[in-house]
Each structure stands twice: as C-alpha cells, then as structure tokens.
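Me: I would like to go through this structure and ask what stands behind the words used for it. Please set each value against its definition.

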Amino acid sequence: MTYRIVTHANCTDGFSSAFVVKKYFNILLGKDLSQKEIDSIQIVGVMPPDIQTGSFKTTVDDIVVDLPNPPTKVLFWCDHHDTSKPKENLPENYYWKYTPSCTGYLLELVEEKNGPLSPETLEFKEVINIMDSASYSPEQIKLCYYKQDNYDPSNPLLKLHIIGAMFNTRDRVLNDEIFKTLLKGELGETPLSDENLWKLNPLMFHKAQLESYAQWREIVDGYLEYKEDIKVVVQDDRKATISRGVADRFYVYIKFPDAKYSVNLRMIDNETTRFGVGSNIFHKDWRSVNIGNICFEIGKKFKGAGGGHPVVGGANVNSKHTDEALQYILNELKKFKTI
Ligand SMILES: [Mn+2]
C-alpha cells in the first residue's frame with residue numbers, strides 16, 4: 001500500500017491540511033498504521049487545474065485535500081472550495097463543506113471522531129481560517145505583509161505567515177522540496193510549535209518575503225490600473241517591464257480602499273494565462289457576484305479550467321483568449337445581482 005497525501009501546492013492551507021492528515025492519519029482514515037509507516041507517507045503538492053484537466057493522475061491510495069475532486073476514485077477526499085460542491089451524495093471517506101479553510105474542516109472531522117481539540121490546535125484552526133478566507137483586519141495585514149521592528153513570537157497569525165513564507169518562494173521546485181521537508185518525520189502538535197520546522201529558521205524566509213513584497217509593490221505601482229467607474233483594479237502582468245519580488249495579493253485593497261474587486265493576469269507559459277479574481281477583503285459585503293462561478297465559466301469558455309470561492313477564484317485559460325476572458329470577467333463584475 002503506497003499512500004500519498006496530495007495537497008494544494010504553494011499554499012498554507014494545503015500545507016496545513018497535509019499536516020493534519022498526517023498527524024491524525026489513523027483517526028481520519030480508520031487505519032491502524034505504525035508511526036514509522038505514517039512517517040514515510042509521501043506528500044505531493046499539486047495545483048488545482050492539474051487535477052481538473054487530468055494532467056496529474058491520482059491513484060486509489062491517494063488522500064486528496066484542499067483540491068478539486070479527482071475524476072477517478074481516491075481513498076479520501078476533503079475540500080471546502082465552493083466550486084467543488086458535490087452534485088450528488090458522496091461515497092465513504094469523501095468530504096465537502098463550505099468552511100473558511102480545509103485545515104479547519106479536517107480538524108472538525110478529527111474532533112467528531114476523537115473528541116475535543118487542544119487549546120493550541122484551536123488557536124491554529126482560528127488563524128488558518130483567517131488566512132485562507134482572507135478575513136484579515138487592516139492591522140493584521142500590516143502585521144503580516146509589511147516589515148516590522150520586531151516579530152512577535154507569540155502571535156499565532158504572524159507565526160503561520162512566517163511558516164508560509166518558507167514555501168512561497170518563486171521557485172516551485174524549491175517550494176515543493178520545502179513542503180516535503182517540513183512534513184517529513186514526526187510532527188509537532190501543530191505547525192505553530194513543530195520543533196523541527198522552527199529549527200529551519202523560518203523568520204529568515206519571512207523577512208526575505210517581506211522585502212520581496214516591497215519590491216513587487218514598487219514594480220506593480222507602475223501599471224496597476226483602477227477602473228473607477230466599475231471599481232475594479234486590473235493588474236495585467238503583460239504590462240510589466242521587469243519581474244521582481246513576490247506578489248502581495250492584498251496590496252490592491254490597501255492602495256485602492258474603494259475597490260470592490262481586483263483582477264490579475266499573467267502568462268504562465270506560451271499557451272496559458274493565469275487569472276486571479278478577488279473581492280475587497282475588508283468589505284466583503286460590497287461583493288454582489290459569485291467569483292468562483294465566474295472563474296469556473298471562463299475556464300470552460302476559454303479552453304482551460306477554473307473555480308474557487310464566492311469571494312475569490314482563479315482560472316487558467318488559453319492565452320489566445322486572454323483579452324476576451326478579461327473582458328468577460330469585467331462584464332460579469334459589473335453585474336449587481338445578489339448571490
Ligand atoms: Mn484552502
């Protein structure tokens with residue numbers, strides 16, 4: 001039996017979900033594996049479109065978390081994305097619920113099967129929920145996305161961002177290797193107190209990431225376009241003359257506090273454009289369309305794949321249709337229907 005935990009790559013909820021599955025493997029899966037066997041389970045980071053398009057092949061022994069439901073049967077599936085909502089009853093060991101994070105949902109399942117969670121685990125659940133559903137206050141954004149004089153080692157939300165910085169570099173291969181390294185061997189109670197992880201000096205990664213965010217903000221300042229009439233910020237990376245730093249996806253709402261939505265797009269290869277669409281994280285009540293559905297639609301319409309949540313989503317489209325897809329999104333965001 002070769003179990004693999006297949007999870008959302010380059011994502012703190014993906015990492016944390018894999019952490020919870022590994023930590024509570026026997027409880028969640030109803031198995032009786034030895035610690036040694038659990039320690040050797042392989043972790044694989046995958047992007048959602050790779051599952052939807054079938055370019056990543058799953059097996060019957062895979063545990064798939066924070067990702068769409070694969071086309072063929074797996075051992076265990078758990079997701080919280082709106083666009084993964086099942087149309088029919090799910091088989092055994094398949095779970096879907098609209099929750100702020102997949103990690104939080106997995107911990108609910110652990111609690112159901114195993115009794116109350118520890119105070120540290122509850123704290124971990126709370127901060128991953130804030131992070132994955134972008135339920136930050138402006139103060140929390142300043143704390144986690146901008147340089148500080150001191151980095152408060154007791155703040156769990158900041159700690160989780162410090163951990164996330166480790167696998168949010170621009171090198172996907174490095175990110176995957178770090179994912180695997182952090183999840184290898186015996187795990188702590190939660191990532192917040194995992195000794196092996198903290199030995200690797202995650203603050204060094206975080207400080208570098210904050211500098212990368214600052215450099216990125218300086219570059220995008222040159223081409224961010226605010227469409228005042230429809231209150232949408234467009235970040236078209238085809239306009240970038242230089243590529244520098246790491247994207248700070250919430251910057252647009254700090255810079256344009258009146259914006260309702262933001263759209264970003266970039267070519268990820270000659271044939272594919274990646275779209276990201278979001279709503280103002282500080283004013284979720286301003287949103288009047290389901291963004292996950294729009295992303296699902298543009299994926300289908302323009303030869304790619306997409307999905308997400310009502311408040312945020314993403315899609316890959318065939319790059320020949322980039323301008324059409326952008327226009328389609330802007331037209332949809334103009335609509336004021338309530339969902
Ligand atoms: Mn998630």
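Reply: The crossing of H6 and H8 is right-handed, a crossing being left-handed if the near helix is turned anticlockwise from the far one by less than a right angle, and right-handed if clockwise. This is a predicted model, in which local features need pLDDT of at least 70, side-chain atom pairs count only at pLDDT 80 or more, and totals for chains, interfaces and linings use all residues. Residues are numbered from 1 along each chain as its sequence is written.

Me: Why is H6 called roughly perpendicular to H8?

Reply: Helix H6 (residues 119-132) and helix H8 (residues 156-164) pack at about 65°, with their axes 9 Å apart. Angles of 65 to 115 degrees count as roughly perpendicular, and therefore H6 is described as roughly perpendicular to H8.

Me: Which residues make the contact of H6 and H8, and what classes do they belong to?

Reply: H6 contributes Glu123, Phe124, Val127, Ile128, Ile130 and Met131, and H8 contributes Pro156, Leu157 and Leu160, where contact requires C-beta atoms, placed from the backbone, within 7 Å. By class there are eight nonpolar, no polar and one charged residues, with Ala, Val, Leu, Ile, Met, Phe, Trp, Tyr, Cys and Pro counted as nonpolar, Asp, Glu, Lys and Arg as charged, and the others, Gly among them, as polar.

Me: What makes S2 and S5 edge strands?

Reply: Five strands form an open sheet in the order S2-S1-S3-S4-S5, with parallel pairing, and strand S2 (42-46) and strand S5 (94-96) each pair on one side only.

Terms used:
Pairing = 2+ DSSP bridges. Helix = DSSP H or I, 4+ residues; strand = E, 2+ residues; numbered from the N terminus. Axes fitted to C-alpha atoms, helices over the stretch in contact; angles between N-to-C directions. Parallel < 35°, antiparallel > 145°, perpendicular 65-115°, else oblique. Contact = placed C-beta atoms within 7 Å.
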